[in-house]
Structures are given as structure tokens and as C-alpha cells.
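Please keep the model open as you work through them.

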Amino acid sequence: MEFRDVEHVVTELHKADYVCSKAIATVVFLSQATGKPVLVEGPAGVGKTELSKAVACSLGRRLIRLQCYEGLDEAKALYEWEYAKQLLYTQMVKDKIDDVISGASSLADAVDRIASQEDAFFSERFLQPRPLLQAIVSDRPVVLLVDEVDKSDPEFEAFLLEILSDFQITIPELGTRKAIQIPFVFLTSNDSRDMSDALKRRCLHLYIDYPDRELELEIVKLKIPGINRQLAEQLIDAIRSIRDLDLKKKPCVSETLDWARSLIALQVEDLSSQVVADTLNVICKYRADVDQVRGKLEKIVY
Ligand SMILES: Nc1ncnc2c1ncn2[C@@H]1O[C@H](COP(=O)(O)OP(=O)(O)OP(=O)(O)O)[C@@H](O)[C@H]1O
Ligand SMILES: [Mg+2]
């Protein structure tokens, strides 16, 4: 399956439980058309990660995810040799190894003989492919998600740039592996540090902000079909007023959804100041934020 146009992206993602604006759908469509990765930035919990899952689901592709963190290195991102397995095999084929080195005239000669058999131990069999290599060697097209790339170190970013520009990897012992199918790539970033201009240049840039009222209402209706419209509207208006306050952490879409579920569980039909005060812990995760909202309830619920 391929997306036919921008409108098609919107309807297909909706089927995959993702509500997207035309702006988001346009970038997704252009990424498909140009083969360029999408760098998705924006605050926490606005659907950055979820977007790539929805795209994978719509296109019927496997999602391969590389979760970034400080200290992530090539071995964890690309491939590793399975030392334990190699060691186990050498134990098991000890007799054969003895045959190879028997009659060697010196230590150097024995080492040379072992070296001539090296291929047996540096073969596909002992290679543990990590997400980037998996995405490259996959014979079916995949969606590659490089999640929270801002958490990785700048050196890793430079290495990633190389991979994203040619989609090929050279394994010294085995040779070069080139992607048969260019994956659909998403990189997400939470603004914890600025990504380099070089990375930005290679990607289509997508900033996902908190959704507007209509879009958020649609997300709530899609994810929580049982909710009554009036409550959904009250809840979103309240969330939007709370986002306008100067909070340490503004409530995001996942908190809107959690709040809606909580109100349904409490069988609330109408959002009053009392209900907001009683359930604030679902949407505000800092004591100072809870206090601030409590002090401004009259501005949040009319
Ligand atoms: N447009 C949307 N359509 C449907 N669900 C959404 C949408 N945006 C957010 N959500 C919901 O919000 C939750 C959080 O989204 P997601 O994990 O993708 O956020 P994120 O931007 O990756 O956050 P973080 O920066 O913390 O990783 C998802 O589980 C999803 O249910
Ligand atoms: Mg995420």
C-alpha cells in the first residue's frame, strides 16, 4: 500500500487510530514522495511516537524502533558479534580446532592457521543485527523509528547522518549491506537539545504542537467513543485554559485522554470546579502546578 495523496493519509491514519492535521499529513505524504526522513519535534505527549506507529500500521509495514539514550553506541544501534555464542561453538568444535593447529611449527604458525579459518566465526550466524541493520537488510519495506534522538550523543548523531544519507553499512568481516527498500524513517525529538543543521537539512521537519480544539475533540472521540459530546467539550476547554497557565509541565494529549477515562470511571456528566479540583492529579504531575490550577479554578470552569 502507498498513500495516494494528502487526504488519503488523513483517512488511512484515522483508521489506524491517529487523528492528524492536514499539515502533518502533508509532511508524511512528502516523505513518501521524496524518500526523506521526517524529524518530528514538539512537546511531550503530542503524538510524535504514535505517528510512526500509525504510519506503519496503515502501510502494513513492520515498525523497527531504535530507542535513543545517552551513551547509545554503534554496537547497540547497528550490530554486535555474539561473543558468547562464538565461544560456545569454539568449545564444541575443539577437536576440529586441534586438527587445524596440529603440526604447527610455532605459535605464530598456529595463529596463522586459526586466522585462515576466521570466516567460519565471523559469519552471518554469529551476527546480532540491531535496529539500523535490521531496517537496512529487511527484504520488505519497513518503517524505522529513531525515537528521542535528542537523548543520544552528538557523535551518535553524526554516525546516524551517514546511515541516513546512503542507507548502507559496511561490516568489515562481511562486506557492504545496502538497503533493498529505503525505509520510511521518523526521528523524534523532545527539544532536550538542538539537532544539528546537517541532520535538519537531510530531513523534512515537522513540529507537532498541542492540537487545536477541533482536532483534540476528534482525538478524544476516536479514542474514547463512549464519551458524551458535552463532557468532551468541557474537558477540552478546561485543558486548554490550563495549558495557558505558566506551568512546569503542561498537560498533553495523553493526559486529556487519561482525564476523560477517569471522569467516565467516576460517572461524571458535567465538569464542575469541584470535579476539576478532585481529579487534578490526573493532569498535573507537579505539586506547584496543582496548587496553581487550584487557585485559578474560576478561570478554568465556567
Ligand atoms: N493525533 C493523535 N491521535 C490519536 N492519539 C493521539 C494523538 N496524539 C496523541 N495521542 C495519544 O497520546 C499518547 C501519547 O502520544 P505519544 O507517545 O506519541 O507522544 P510523544 O509526542 O511521543 O511523547 P514523548 O515526547 O513523551 O515521547 C498516545 O498514546 C496516543 O494515545
Ligand atoms: Mg515519544
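**Exercise 1.** Work out why ligand 1 lies between domain 1 and domain 3.

*Solution.* Start with the bounds, which come from an automatic or database domain assignment: domain 1 covers 6–77 + 131–207 and domain 3 covers 213–296. Both give residues to the shell around ligand 1, so the ligand lies between them. This is a predicted model, where local features need pLDDT of at least 70, side-chain atom pairs count only at pLDDT 80 or more, and totals for chains, interfaces and linings use all residues. Residues are numbered from 1 along each chain as written, chains are lettered from A and ligands numbered from 1 in written order, and side-chain values use heavy atoms, without hydrogens and water.

**Exercise 2.** Find which residues come nearest to ligand 1.

*Solution.* Take residues with a heavy atom within 4 Å of the ligand. Of the 17 around ligand 1, the nearest are Val 19, Gly 45, Lys 48, Thr 49 and Glu 50. By class, the shell holds seven nonpolar, five polar (Gly counts here) and five charged residues.

**Exercise 3.** List polar contacts (N or O pairs within 3.5 Å) to oxygen atoms of ligand 1.

*Solution.* Next, a backbone N or O atom of Gly 47 lies at 3.2 Å. Finally, a polar side-chain atom of Glu 148 is 3.3 Å away.

Key
A polar contact is a pair of N or O atoms within 3.5 Å; within protein, one must be able to donate a hydrogen and the other to accept it, and residues adjacent in sequence count only if both atoms are side-chain atoms.
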